Every structure is written in C-alpha cells, then in structure tokens.
Amino acid sequence: MEQNILHLHPGLIWVFGATILIMLLLDLGVFHKKSHVVSTREAIVWSGVWISLAMIFSGVICWVFNQDNGGTALAVEKFTQFQAAYWIEKALSVDNLFVFILVFSYFKVPRQLHHRVLFWGILGALVFRAIFIFAGVGLINITYLNPLLDLLGAKPLAWNINLVLTAFGLFLVYAGIKSWGKGEEEEEADFSSSAGSRLVHRLYKVSGHYDRGKFFTVQNGIKVATPLLVVLGVIEFTDVLFAVDSIPAIFAISKDPFILYTSNIFAILGLRSLYFLLSNFIHMFSKLPYGLSIILTFIGIKMIISPWVHIPSPVSLGVVVGVLLLSVLVSLVFREREVV
C-alpha cells in the first residue's frame, strides 16, 4: 500500500499549517490592513509569492519521499501529483473568478473592498474543501466494486471498478461538454436571488448601503448586516458550487488526502491576486472557458478509463498545463476588444 506522507512525517502538517497561518496574518494584518484598490503590480507580486510557496512545498514533498523511500520514481510521482492537482484547481478556479467579477459588478462593490470579501470568502473555502476532500477520499476507498461483489458472494470482475470515480468521471465529461464556451448566460444572472443572498436576508436585516469594509453596522440603534455580507454569502455559495467540479477532478490525480488538500489550499490562496489580474485584463482571456472545458472532459475520461488504462500523473500535468497555456495564447492572438 502506498505510504501517505503523514505516516512518514506527521510534523509536516504542522509546518504546512504554520506557513499558511503566518501568510494569512501577514496578508490581512500587515500588507492589506487598510482597504485599498489592489494594483496590477501588487497582484503580480502576490501571485508570484503564492506560486513560489506552492512550488517550494512540492519540492519538499519530493525530497521527503526520495529520502524515506530511497526511490526517485515515487518521489517524482508524488511531486507530479501535487503539481497536477495544483494546476487543475488553479485552472478550474479561473471560471470561478469570472463569476466573482460579475458578482462584484452586480452588487456595485467598491473596488477597495474586493480584497476583504475575497479574503474571508477563501477562509470559508479552506473549511469546505477539507470536508469535501477527506470525505471524498473516504468514500472512494469503500466503493470499489470487487469488495462489494465479494460481500454479496458474487464472482469478482477482471477489473476493479470504483463506482464513485466512475460517477465523478461521467459527471465531469458532462460538465465539460456543457460548459463549452459558456459565459453569456452568467452575465444575465440575478445574484440577489442566489441561495447565499437569500440566507443572509433570512438571518439578518440588511441595510441599503455599504459601511466601509464592515459586514455589520448600526442603523437607528439596531445592528444590521451590510450589503457586503450579502456579497460574501453569494461568493461562499458560488465557491461551494464550483467545488463540485474541481474536487472530483483532482481525485483522478491522487487518493492521498494530504497531497490533494495542500495543493488545493495553495491554489485557492493565490486566487485573490489572480482575481485582480483577471479583473484588469479580462478582455485578454476570452478563450479560457474553452480550455477549461477541455480540461474537465479530459479528467473525466481519465477517471472513467482508469480501470483499464492508467494515465500517469506527469502526462496529466502536461495535458493540463498545455491546454491552459494554449487557451491563453489563443485568447491573446484572437483578443476581444475591451468594452469601455
């Protein structure tokens, strides 16, 4: 049985947790203590910081497996698993960011408050992703068909098919085909009627105006929510919906919950800076949805055929990165005019 990295070095989870906590405290408590409009230069710097941290951490994982197991092959496999899961989540999250841009536009959120909403939204995503990933791994481990057939006294099949992975694969192929070139319908979406908005309005009375970066304010002596809390609710609910696509996709790469969770967290923690880059240059990446559709379909097919054909992690990584880069290149070559 493949060793989990937590069995080799349990203390590594504390190193990971401390790194994330320190970076979050620096982010909100030092560099973004005051609400301000994030410039393109600042977004590029922070994107570089988060991507660099992810690359360094993947190198640490590679080193740990190489030292403890004495085999370069397993170390490279774990390294590429992390990289593939990281870039899949990063790529699929771009679609999420396009919706965030529409949400902020719909609610007319001042640009200097975007970072605050995204920060707290991503903190919520850390919790939900942990639940989805660890529950998903546990479910996958108990849904292989042959053990179930054995319990029923039936003859095992030649191939040990996993029912959950097959279902995920079919769903991702469907989602990939359905999402081909999508985007126009979201521009007409009524985000005020989303589940996140309805929940906030059900729990609190909401004021009609923003109060700087506050989620709550006092109005006529009564504590009420501000529209910023409504926006946060919409963002959180939207992220949960997008996790339905991205989380099943990374199960095609690895079944190691530590690899999946750490790569996922590094990817989504860099989304805020990526958001500000996209919001400034959204007209330059019009073909990205097509690339994301191809990636979803590829991952889905990989999951479906896994009992018969094994596609190595390095190949998956190459396909994901290649499609992502190609879609960006095509977007730049056939660039749409920026709408003024």
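Student: Why is Arg272 called buried?

Tutor: Buried means under 20% relative accessible area, exposed means over 50%, and partly exposed lies in between (1.4 Å probe, protein chains only). Arg272 has a relative accessible area of 3%, so Arg272 is buried. Arg272 lies in helix α12 (residues 271–281). Helices here are DSSP runs of H or I with at least four residues, strands are runs of E with at least two, and both are numbered from the N terminus.

Student: What makes the pair Arg272 and His115 a polar contact?

Tutor: A polar contact is a pair of N or O atoms within 3.5 Å; within protein, one must be able to donate a hydrogen and the other to accept it, and residues adjacent in sequence count only if both atoms are side-chain atoms. The side chains of Arg272 and His115 are joined at 3.3 Å.

Student: Where do these values come from, and how are residues numbered?

Tutor: This is a predicted model, where local features need pLDDT of at least 70, side-chain atom pairs need 80 or more, and totals for chains, interfaces and linings use all residues. Residues are numbered from 1 along each chain as its sequence is written, and side-chain values use heavy atoms, without hydrogens and water.

Student: How confident is the prediction for the protein?

Tutor: pLDDT is the predictor's confidence in each residue, from 0 to 100. The protein has a mean of 82, with 89% of its residues at 70 or more. Confidence is lowest in helix α8 (residues 184–187), at a mean of 52. Where pLDDT is low, the predicted coordinates should not be read in detail.

Student: What makes Arg129 and Asp239 a salt bridge?

Tutor: A salt bridge is a side-chain nitrogen of Lys or Arg within 4 Å of a carboxyl oxygen of Asp or Glu. The closest N and O atoms of Arg129 and Asp239 are 2.8 Å apart, so the pair qualifies. The pair links distant parts of the chain, helix α5 (residues 114–141) and helix α10 (residues 227–250), 110 residues apart. Arg129 is buried at 2% relative accessibility, and Asp239 is buried at 6%.

Student: Which label does Lys214 get?

Tutor: At 36% relative accessibility, Lys214 is partly exposed. Lys214 also forms a salt bridge with Asp211, at 3.9 Å.
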